[in-house]
Amino acid sequence: MVTAVAINSHGGITVSESVVIDGHEDNLPRVVTHAHSDHTKYLSRSSRNSPMIIGTPITLEWLKILGFKLSDSVLQPINYGEVLRLPSGTLRLEKALHIPGTAQVVFDSDEGWRAVYTSDFKKPGSHTPVISSDVLIIDAVYGNPEFRRDFDDYIEIVLVDLVKELLASGSVYIHGYHGKNQEVMMLLRSEGIDAPFILDHKQYALTRAMEHHGLRVRDYHHVGTEEADEIMRDGWFVYFTHFFRRVECDGFGTHVKLSGWEFKKPMRQLGRRWWLVAFSDHSDFQGLVDYVRLSRPKEVIVNCKRSTDGYLFAKYVEKKLGVKTYLLP
Ligand SMILES: [Zn+2]
C-alpha cells in the first residue's frame, strides 16, 4: 500500500497516481485541505496545470480572499461526506477541528485499501472524527514527546475567563493566525461574550465568507466604518487581528496573543497590558499518538515536510503501537 503513496519535495501527497493533496503535481487533481500557507504551496501552478482543485466550500472561498488567483472552472467544492470518483478509487472529505473548512482526506482504492490523510487537527475522537485506515498519512506537527500541553482540555475556559475579566476594564485585542481567530470568535460567542467584534479587513472578509456557509459569529464590524468608530469610542469591544500585526490601541485596551508553542503554562503575562494564552489549533504529541491508535492503520507515513521531529514520532509509534512507520519524503 505504501508504494501507492508518495510525498514530493514540498510536502504534496500523491495517492495512487490519482490525486495530489496539499501540494502540486502536473495534470493531477489537487485537494486543498485548508487555507494555511504550508498547505497551499504552488497553488497558482495548480490553477494552471491541474484539472481540478478540490476543497470544502469555505476553504475555496478563503483561498481567494487570501489572494490566490483561481479560475472558477477548475474549482470543485465538495461538502464533508460527499464522494468524488477518481480513476483508481473514490475520495471524500471528513471534518477536522482546526480552522473553519478544514478537511481530512479519505481515499478508498478500487483494490480495497484505504488511505487517510489527517491534515491538521485537534481533539481526535471527540471533535475530530478518527477514520479507520490501512495507510495513515500524518504530519507530526508536534512530533517530539516533550511537546505536550496538559491543559489542552480546559484551555478554552482559560481564554474565555481571561477575555471576560479584561473586558470588565476595557477593550481586548486578540492576535492570532487566520482561521484560529475565527474559531475563537465562535468560542467567545458560544460562551456568552456579546461584546461587539471589530475586525481588520482580512479578518472581516474571512468571517463574512464563513457566515455565508452557516458558521455564525454575529455583531462584527469592519474597522474604519462609522459604526466601528462609534463602538471603539465606547471602549467595550474585542478587536481581532493577525498574530504579527501591530495595532495601536487606546490606553485601556489589553492585548492577548494566541500561541501554539507554549507547553508549560496555559497563560502568562508578558507586560502590563499584554498576555499570552497557549491556545493551539493542533493536537499536541499525545493527540497525534491517539489518532494513530484509534485509526488502527497497518502502516503510517509521517510527512516530514510538515513535521517537527518526525523521526521521534515514527520511532514512538513503531515501538509503543507496533505499527510499521515510514518517513517521507
Ligand atoms: Zn493548518
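Is D309 buried, partly exposed or exposed? D309 is partly exposed, with a relative accessible area of 24%. Buried means under 20% relative accessible area, exposed over 50%, and partly exposed in between (1.4 Å probe, protein chains only). D309 sits in the loop between strand 19 (299-303) and helix 8 (310-321). Its phi is near 55°, a positive value in a residue other than glycine. Helices (H or I, at least four residues) and strands (E, at least two) are DSSP runs, numbered from the N terminus.

This is a predicted model, in which local features need pLDDT of at least 70 and side-chain atom pairs count only at pLDDT 80 or more, while totals for chains, interfaces and linings use all residues. Residues are numbered from 1 along each chain as its sequence is written, and side-chain values use heavy atoms, with hydrogens and water left out.

**Domains and cores**

The protein chain is divided into domain 1 (2-146 + 283-328) and domain 2 (152-277). These bounds come from an automatic or database domain assignment. The C-alpha centres of domain 1 and domain 2 lie 29 Å apart. Their contact takes 17 residues from domain 1 and 20 residues from domain 2. Contact means heavy atoms within 4.5 Å.

The largest nonpolar core has 45 residues. A nonpolar core is a set of buried Ala, Val, Leu, Ile, Met, Phe, Trp, Tyr and Cys residues joined through side-chain atoms within 4.5 Å. The residues with the most contacts inside the largest core are L159, I174, L188, F197, V238, F240 and V256. Helix 3 (residues 155-167) gives the most to this core, with eight residues. Domain 1 and domain 2 both give residues to this core, so it lies between them. Apart from it lies another core, of 23 residues, among them V19, L86, L91 and V135. In soluble globular proteins, nonpolar side chains tend to be buried together.

Leaving aside neighbours within four places in sequence, L188 is in contact with V160, V163, I174, I193, F197, V238 and F240.

**Helix packing**

Helix 3 and helix 4 (residues 180-190) pack at an angle of about 75°, with their axes 10 Å apart. Axes are lines fitted to C-alpha atoms, for helices over the stretch in contact, and angles run from 0 to 180 degrees between N-to-C directions. Helix 3 and helix 4 are therefore roughly perpendicular to each other. Angles of 65 to 115 degrees count as roughly perpendicular, under 35 as roughly parallel, over 145 as roughly antiparallel and the rest as oblique. On the helix 3 side, E156, L159, V160 and V163 make the contact. Helix 4 supplies V184, L187 and L188.

In helix 2 (residues 57-65), I58, T59, L60, W62 and L63 are buried. The buried residues of helix 2 pack against helix 1, strand 5, strand 6 (75-77), helix 4 and helix 5 (201-212). G67 follows helix 2 and has a positive phi, near 105°.

**Buried loop residues**

A polar contact is a pair of N or O atoms within 3.5 Å; within protein, one must be able to donate a hydrogen and the other to accept it, and residues adjacent in sequence count only if both atoms are side-chain atoms.

| Residue | Partner | Distance |
|---|---|---|
| S133 side chain | S295 side chain | 2.7 Å |
| R149 side chain | D152 side chain | 2.9 Å |

S133 lies in the loop between strand 10 (114-117) and strand 11 (135-138). S133 is buried, with a relative accessible area of 6%. Beyond four places in sequence, S133 is in contact with R114, V116, S295, R296, P297 and K298.

R149 is in the loop between strand 11 and helix 3. At 2% relative accessibility, R149 counts as buried. Not counting residues up to four places away in sequence, R149 touches Y142, G260, E262, F263, A278, S280, H282, S283 and D284.

S50 lies in the loop between helix 1 (43-49) and strand 5 (53-55). Its relative accessible area is 5%, so S50 is buried. Leaving aside neighbours within four places, S50 is in contact with H24, E25, L28, R30, R45 and V74.

**Backbone geometry**

D22 is not a glycine, yet it has a positive phi of about 55°. D22 lies in the loop between strand 3 (19-21) and strand 4 (30-31). At 0% relative accessibility, D22 counts as buried. A cis peptide bond joins L328 and P329, with omega about -10°. P329 lies in the segment after strand 20 (324-328).
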